[in-house]
Amino acid sequence: MLEIKNLHATVGGKEILKGINLTVNAGEVHAIMGPNGSGKSTLSYVISGKDGYEVTEGQILYNGIDLTEMEPEIRAAEGVFLAFQYPVEIPGVPNVTFLKEAVNAVRRHRGEDELDAMQFVKMIKAKTEELGIAKDMLKRAVNVGFSGGEKKRNEILQMAVLNPKLAVLDETDSGLDIDALKIVSDGVNQLRSDERAILVITHYQRLLDHIVPDFVHVLAHGKIQRSGGKELAFELEEKGYAEYGVAAE
Amino acid sequence: MVMQMNATQPFVDQFDDVQSRLPGSKLPWLEAFRKAGIEKFSTIGVPTIKTEAWKYTRLPNIDCKEFRSANWENGQVAVNAVAEFLSDALNQIRLVYVNGIIRPDLSNLTNLPDGISFEPLTQALESDPEFIESQLCTEELKYDQGFSALNAAMMESGTIFRVAKGVQVKEPIEIVHMNGVADAPIIGHPHNVFVLEAGSQATLVMRHAGIGTSAYFNNAVTEIVVGDSAILKHYTLQTDCMEAIHLSTVNVRVGKDATYETFNFAIGGRLSRTETRVRLEGRGAHCNLSGAYMMRGREHCDNITIVDHLVPDTTAREVFKGVLDDEARGVFQGKLIVHKYAQRTNGHQLSRALLLSDRAEMDAKPELEIYADDVKCSHGATTGQIDENALFYLRSRGVPEALARNLLIQSFIAEALEEISDEKVREAIAGLVVHWLPADCFSVDEWVQA
Ligand SMILES: Nc1ncnc2c1ncn2[C@@H]1O[C@H](COP(=O)(O)OP(=O)(O)O)[C@@H](O)[C@H]1O
Ligand SMILES: [Mg+2]
């Protein structure tokens with residue numbers, strides 16, 4: 001589903017990604033682990049198409065199509081989803097309006113009928129219950145005044161309603177207490193399916209107890225340094241990133 | 001100085017030319033009032049950027065000889081396309097003026113409740129000249145701004161609105177001004193008087209619409225008295241056309257435990273300027289002076305507020321938000337003056353502008369002048385651009401860029417609209433916001449209901 005080939009990317013003229021190769025097939029969950037500043041968020045932004053993150057070499061193939069020149073909204077509509085490490089606050093826009101516009105924009109792109117207010121409310125209520133998310137989060141402005149945990153849960157809610165094919169979760173576990181971590185990982189696990197690929201970016205092994213990955217990759221200095229099974233995560237937890245030339249934190 | 005003389009004299013000449021044709025010309029007190037007005041105007045002259053309240057706003061050159069008023073031309077200036085415009089009006093009690101001329105055929109006074117008088121100035125000068133005289137003729141002409149003085153001299157239209165003691169009306173009452181579709185540029189100096197007696201309540205909506213494309217110059221003065229414990233909600237919806245010059249001065253006196261709430265919404269206008277001066281004269285008096293404006297092209301919007309806190313325990317709140325595209329300019333000058341004995345004053349003032357283009361410009365000058373020691377006052381002014389992170393966040397969820405931008409603009413303005421306590425009016429303005437936005441965007445229904 002996702003095939004990243006020799007990906008080089010710069011941010012503000014500085015090369016951050018220096019030749020990433022990664023293949024994620026439908027049905028698989030991959031974890032990318034790496035020290036702070038290694039380029040994990042950069043990779044997630046390059047996949048989702050943020051301005052200022054420039055691909056200088058290589059390709060990101062999504063179901064065989066190169067994403068690199070595609071507008072972010074088209075990528076989203078085609079099924080690429082990024083759960084942000086730092087979800088953005090949008091004062092004045094009710095979360096429910098935001099979700100509805102997002103869902104309908106994606107439906108329009110896919111040639112499906114838009115949901116009217118009734119249909120949408122019904123759908124969103126079911127989703128919030130399924131995910132154990134408090135309903136008042138819908139009325140409030142997008143992420144404004146949300147706790148760290150609420151913001152991450154809101155990302156999971158968005159993912160659930162947008163129903164992506166490829167989900168990238170950037171440090172969705174950071175700053176969560178155990179309960180919130182459980183809501184978030186349950187949400188991700190519910191989405192696991194043969195048609196879907198999930199890329200979990202994390203700094204700690206903890207999340208991977210809940211979302212058990214099929215593969216683990218170590219990203220350092222802008223490159224995948226090592227790939228392996230889930231046992232690689234335990235090894236990193238024990239030894240840190242010292243062997244990749246990164247001082248212990 | 002020479003420049004100023006040049007701009008001032010044609011207005012004086014115009015007064016000399018038309019004064020005998022102005023309404024109420026047979027009333028000696030009015031003649032004296034007009035004379036005092038034109039004398040004051042000749043001394044002060046038209047404002048220049050040296051005038052403090054006009055610091056950031058340059059008056060476009062107006063050759064007033066080119067401008068006509070149907071009120072002194074003694075006839076109707078051709079107007080079409082009016083009915084269409086009115087069809088979306090809040091369907092209620094209203095007076096409709098087209099190019100300054102009252103149009104009984106478009107107005108609706110059938111359900112006017114008892115205790116309310118609501119009539120054009122021209123009519124009131126015949127039906128109740130004593131009342132107008134009592135409102136206008138204070139010991140000395142109070143106007144210290146050139147254009148207010150000119151209005152005193154030239155007033156030829158306007159609305160008189162009186163609510164008797166204790167009378168409370170829930171439904172908004174509307175004054176509609178349509179300008180622009182005419183054979184010649186139109187000039188108007190409407191003079192409005194709104195008096196709410198003690199304990200009364202009313203909501204007044206003034207709509208100024210530019211229909212068509214011809215130029216007009218509107219120089220309005222509105223005198224408002226909100227009696228003890230009375231509540232006036234006064235909303236202005238300006239959708240002037242690109243050639244319009246719209247100047248408005250609003251003087252308000254607020255009594256004990258009374259509330260004056262105003263919201264000025266402006267889209268369009270070559271120059272749209274509103275100067276609101278409020279005197280909080282009674283203990284417990286409160287005012288909310290807020291507004292929003294959305295300008296593009298070379299349009300210019302200027303909001304000036306001056307609030308005098310004269311007695312203890314008065315409150316003022318101001319929230320202005322503006323969206324400026326292309327080479328549009330916005331100005332906000334707000335002054336809260338807390339007089340010596342006005343203890344426990346509470347004042348809050350905020351101006352925020354969103355620039356959609358790097359050629360757009362905003363000047364904001366919030367000011368506090370405090371002579372009492374026990375007061376709570378805050379003020380702030382910010383100017384910013386669309387938040388790129390928020391834009392990307394929306395796009396990453398599939399929302400197309402144009403729509404995402406619109407949503408962010410809408411949400412920016414929405415914060416100001418929260419100051420409007422009348423729901424119907426808030427919705428009507430939300431509709432105008434959507435109308436202004438470029439490209440496709442969210443429907444009003446969805447927005448409001450969320
Ligand atoms: N906007 C930016 N401009 C310049 N450098 C940046 C920018 N964003 C990130 N970087 C740099 O890119 C590197 C990788 O950052 P990031 O991808 O956020 O790392 P991670 O998510 O792995 O902690 C860091 O050295 C960071 O300082
Ligand atoms: Mg990161």
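Reply: Here are the ligand sites, then some strands, a helix and a few backbone angles.

Me: Ground rules before we start?

Reply: This is a predicted model, where local features need pLDDT of at least 70, side-chain atom pairs count only at pLDDT 80 or more, and totals for chains, interfaces and linings use all residues. Residues are numbered from 1 along each chain as its sequence is written, chains are lettered from A and ligands numbered from 1 in the order in which they are written, and side-chain values use heavy atoms, with hydrogens and water left out.

Me: Which residues are the protein donors of the magnesium ion?

Reply: Ser41(A), through OG, and Gln85(A), through OE1, lying 2.1 Å from the ion, which is ligand 2. Donors here are N, O and S atoms within 2.8 Å of the metal (3.2 Å for Na, K and Ca); water is not among the atoms, so sites may look incomplete.

Me: Where do the two sit in the chain?

Reply: Ser41(A) is in helix H1 (residues 40-48) of chain A, and Gln85(A) is in the loop between strands S6 (80-83) and S7 (90-94) of chain A. They are 44 residues apart and link distant parts of the chain. Helices (H or I, at least four residues) and strands (E, at least two) are DSSP runs, numbered from the N terminus.

Me: Is Gln85(A) buried or exposed?

Reply: Buried, at 13% relative accessible area. Buried means under 20%, exposed over 50%, and partly exposed in between (1.4 Å probe, protein chains only).

Me: What about polar contacts?

Reply: These are pairs of N or O atoms within 3.5 Å; within protein, one must be able to donate a hydrogen and the other to accept it, and residues adjacent in sequence count only if both atoms are side-chain atoms. A polar backbone atom of Gly39(A) is 3.1 Å from an oxygen of ligand 1. For Lys40(A), a backbone N or O atom lies 2.8 Å from a ligand oxygen. Ser41(A) also has a polar backbone atom 2.8 Å from an oxygen of ligand 1.

Me: Back to S6(A). Which strand pairs with it?

Reply: S9 (residues 166-170) of chain A, in the parallel sense over four bridges. Two strands pair if DSSP finds at least two bridges between them. Val80(A) stands opposite Leu166(A) in S9(A).

Me: Which residues cover the faces of S6(A)?

Reply: Val80(A) and Leu82(A) on one side, Phe81(A) and Ala83(A) on the other; all are buried.

Me: Switch to chain B. What order do the strands of the open sheet take?

Reply: S2-S1-S5-S8-S10-S12-S14-S16-S18-S20, ten strands with mixed pairing. S2 (101-102) and S20 (375-384) are the edge strands, each pairing on one side only. Nine bridges join the parallel strands S12 (residues 259-267) and S14 (residues 286-295).

Me: What follows H2(B)?

Reply: Gly45(B), with a positive phi near 80°. Among the buried residues of H2(B) are Trp29(B), Phe33(B) and Phe41(B).
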